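This report describes one protein fold in plain terms. Please look at the sequence and the model before reading on.

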Amino acid sequence: KDGITRDMAVTSPSGVVGVVGDVSDNFAAVIPILHPDSRISAVVSSVNQVGTVVWEGNDCRVAYLENIPQHLEINIGDSVVTSGYSNIFPKGLLVGTVKEVSMGNNASFLTIKIKLATNFNKVNTVYLIENQYKSEIDSLKAGFKTE
């Protein structure tokens, strides 16, 4: 009834929370960044390198940024923000900060542990962000798949 739709970005005053997964007349279910199937496109601000934020189910304060090449210099405390490459999150929303950097199992990529900006133990206010161009973007993407 309030205009909430699937695939809207959900944020807290401190950072990214997740994505609206489903809605009914009076309720919305959110898929948080703390879901094993959640994937959010993000960049390390200092090097502007795109990766994917995933949660491994261990700690609600920590997630990992994957697919960052090992030759880049990533520093503790660097900001990790949304990339803007999806049609859900706008560019530049804070996801967290780099907490630890190490060589991953694949020698080509780093393992980057990030401290999430949102404290999921205390979330009580969220904001919903609607991409007004989402249906137009989706339509263009669908055209690419059929060509």
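V80 touches A42, V43, V44, V53, L65, L93, L94, V95, G96, V98 and I114, with residues up to four places away in sequence not counted. Contact here means heavy atoms within 4.5 Å. This is a predicted model, in which local features need pLDDT of at least 70 and side-chain atom pairs count only at pLDDT 80 or more, while totals for chains, interfaces and linings use all residues. Residues are numbered from 1 along each chain as its sequence is written, and side-chain values use heavy atoms, with hydrogens and water left out.

V80 is also among the residues with the most contacts inside the largest nonpolar core, together with I33, V53 and V95. That core has 29 residues. Strands β1, β2, β4, β6, β8 and β9 each supply at least two residues of it. A nonpolar core is a set of buried Ala, Val, Leu, Ile, Met, Phe, Trp, Tyr and Cys residues joined through side-chain atoms within 4.5 Å. In soluble globular proteins, nonpolar side chains tend to be buried together.

Six strands form a closed barrel in the order β4-β5-β6-β9-β8-β7, with antiparallel pairing. The twist from one strand to the next averages 40°, an angle between N-to-C directions of lines fitted to C-alpha atoms, on a scale from 0 to 180 degrees. Strands are DSSP runs (E, at least two residues), numbered from the N terminus, and two of them pair if DSSP finds at least two bridges between them. Strands β4 (residues 40-44) and β5 (residues 49-54) are joined by five bridges; V43 has V50 in β5 as its bridge partner.

Two residues can be set side by side.

| Residue | Place | Relative accessibility | Class |

Buried means under 20% relative accessible area, exposed over 50%, and partly exposed in between (1.4 Å probe, protein chains only). Leaving aside neighbours within four places in sequence, T82 is in contact with residues including V16, I40, F89, P90 and V95. With residues up to four places away likewise not counted, C60 touches L34, W55, L116, F120 and N121. C60 and N121 are 61 residues apart in sequence and 7.9 Å apart in space, C-alpha to C-alpha.

Definitions and conventions: Helix = DSSP H or I, 4+ residues; strand = E, 2+ residues; numbered from the N terminus.
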